[in-house]
Amino acid sequence: MTIPHRELPLPHIRTTGGRPTSGPPAPGPPLSGTPIPHPSLSDTPIPRSSLSGTPAPRPSLSDTPALAATPDARPAWPTEEAPPARVDWRDKFALATDLALIGVAVTALSLPLVTAPAALAAGSAAVRGRYHDGRLPGWHPLLHQYRRGILPGLPVLLAIVVLLIDLAAVRGGRVPGGPVLLAVTLVAVLGLAGVAALTLVAVGRDPELPWRAAARWSWEHPACVLALALTSVVAFVLTLAVPITLPLMIGFHLFALHMISDRLAP
């Protein structure tokens, strides 16, 4: 036997003065139907000036400093300079290899002895191209400069031979003057070596420059001549210590001459 029953609605409980009471729910806004109006900026009364009675302008977003979208509003963060590019060890090794190759080529071309000044001039041009352009120049212009420098180099070679004979005679005591004349001769040889080194640099910079004009230009830079003369003395001493390094020393010595002259006689 089933007893029928029905569900009774729960009484609505509301509070009055902080105490719960039961009864019908209090009237409230409808859940559906007409939407509840919200106040807008157009319904807000516009403030008017007390003097002129004209409406005061409404504030906008652009008038607010914190909300103004301007390019200058970005924070000025400190910037760091990019670090200088470091030369890779492979580039240094390639440069050393090229300088050694130039030294070996100059040594081979100087074997007839009378062609030594021309070979040094061509080697100077090759080092200049490698040092300034980052690559070795072609063989055709170097061979052309080598052939052009054979005749102008003969007087230079003759002057070197005369100085060496004079130095040997003074040192051996066959010429009167003793240590004083020997010191003067050594200073003269040192100065002429510096002039010859700077002349090689000038010919390497401009292969079409005559040797006589390059020598006159070298005399106008005494500080550079002295620096190159001292550098040549160091290279000469190192070569005497290890003579087998002569082919390698030639290329590296020409490279040092160009680097020093670029700073003292640009």
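# Exercises on a helical predicted model

The protein exposes about 19,800 Å², and carbon and sulfur atoms supply 69% of that area. The model is predicted.

**Exercise 1. Describe the order of helices and strands along the sequence.**

Solution. 
- Start with the counts: the protein has 8 helices and 2 strands.
- Now read along the sequence. The pattern is β-β-α-α-α-α-α-α-α-α.
- Then look at the contacts between residues at least 6 apart in sequence. Of these, 59% join residues at least 24 apart.

**Exercise 2. Find which residues of the largest nonpolar core touch the most other members, and which elements give two or more residues to this core.**

Solution. 
- As background, 24% of the 266 residues count as buried.
- The largest nonpolar core holds 29 residues.
- Val 127, Leu 198, Leu 228, Leu 254 and Leu 257 touch the most other members.
- Seven entries need checking by eye: H1 (89-109), H2 (116-133), H3 (139-148), H5 (178-205), H6 (211-219), H7 (222-241) and H8 (246-264) are the helices that give two or more residues to this core.
- In soluble globular proteins, nonpolar side chains tend to be buried together.

**Exercise 3. Classify Leu 228 and Leu 240 as buried or exposed.**

Solution. 
- Leu 228 lies in helix H7. Leu 240 is also in helix H7.
- Take Leu 228. Its relative accessible area is 0%. Buried means under 20%, so Leu 228 is buried.
- Take Leu 240. Its relative accessibility is 55%. Exposed means over 50%, so Leu 240 counts as exposed.
- Check the surroundings of Leu 228. Leaving out residues up to four places away in sequence, Leu 228 touches Gly 194, Ala 197, Leu 198, Leu 257 and Ile 260.
- Pick Ala 197 from that list. Leu 228 and Ala 197 are 31 residues apart along the chain, yet their C-alpha atoms are separated by 6.5 Å.
- Check the surroundings of Leu 240. Together with Val 233, Phe 236 and Val 237, Leu 240 makes a nonpolar surface patch of about 390 Å².

**Exercise 4. Work out whether His 258 is buried or exposed, and which side chain it joins through a polar contact of 2.9 Å.**

Solution. 
- Locate the residue: His 258 is in helix H8.
- Relative accessibility is 0%, so His 258 counts as buried.
- Look for the polar partner. The side chains of His 258 and Ser 124 are joined by a polar contact of 2.9 Å.
- List the neighbours. Not counting residues up to four places away in sequence, His 258 touches Ser 124, Val 127, Arg 128, Tyr 131, Val 201 and Gly 204.
- One of these neighbours, Val 127, is among the core residues that touch the most other members.

How values were computed. Residues numbered from 1 in each chain as written. Predicted model: local features only at pLDDT ≥ 70, side-chain atom pairs only at ≥ 80, totals over all residues. Heavy atoms only, no water. Core = buried A, V, L, I, M, F, W, Y, C linked by side-chain atoms within 4.5 Å. Buried < 20%, exposed > 50% of the residue type's maximum accessible area, 1.4 Å probe, protein only. Helix = DSSP H or I, 4+ residues; strand = E, 2+ residues; numbered from the N terminus. Contact = heavy atoms within 4.5 Å. Patch = residues over 30% accessible without salt bridge, like charges linked within 9 Å, V, L, I, M, F, W, Y side chains within 5 Å. Areas by Shrake-Rupley, 256 points an atom, 1.4 Å probe, with all protein chains shown as cover. Salt bridge = Lys/Arg side-chain N within 4 Å of Asp/Glu carboxyl O. Polar contact = N/O pair within 3.5 Å; in protein donor to acceptor, adjacent residues only side chain to side chain.
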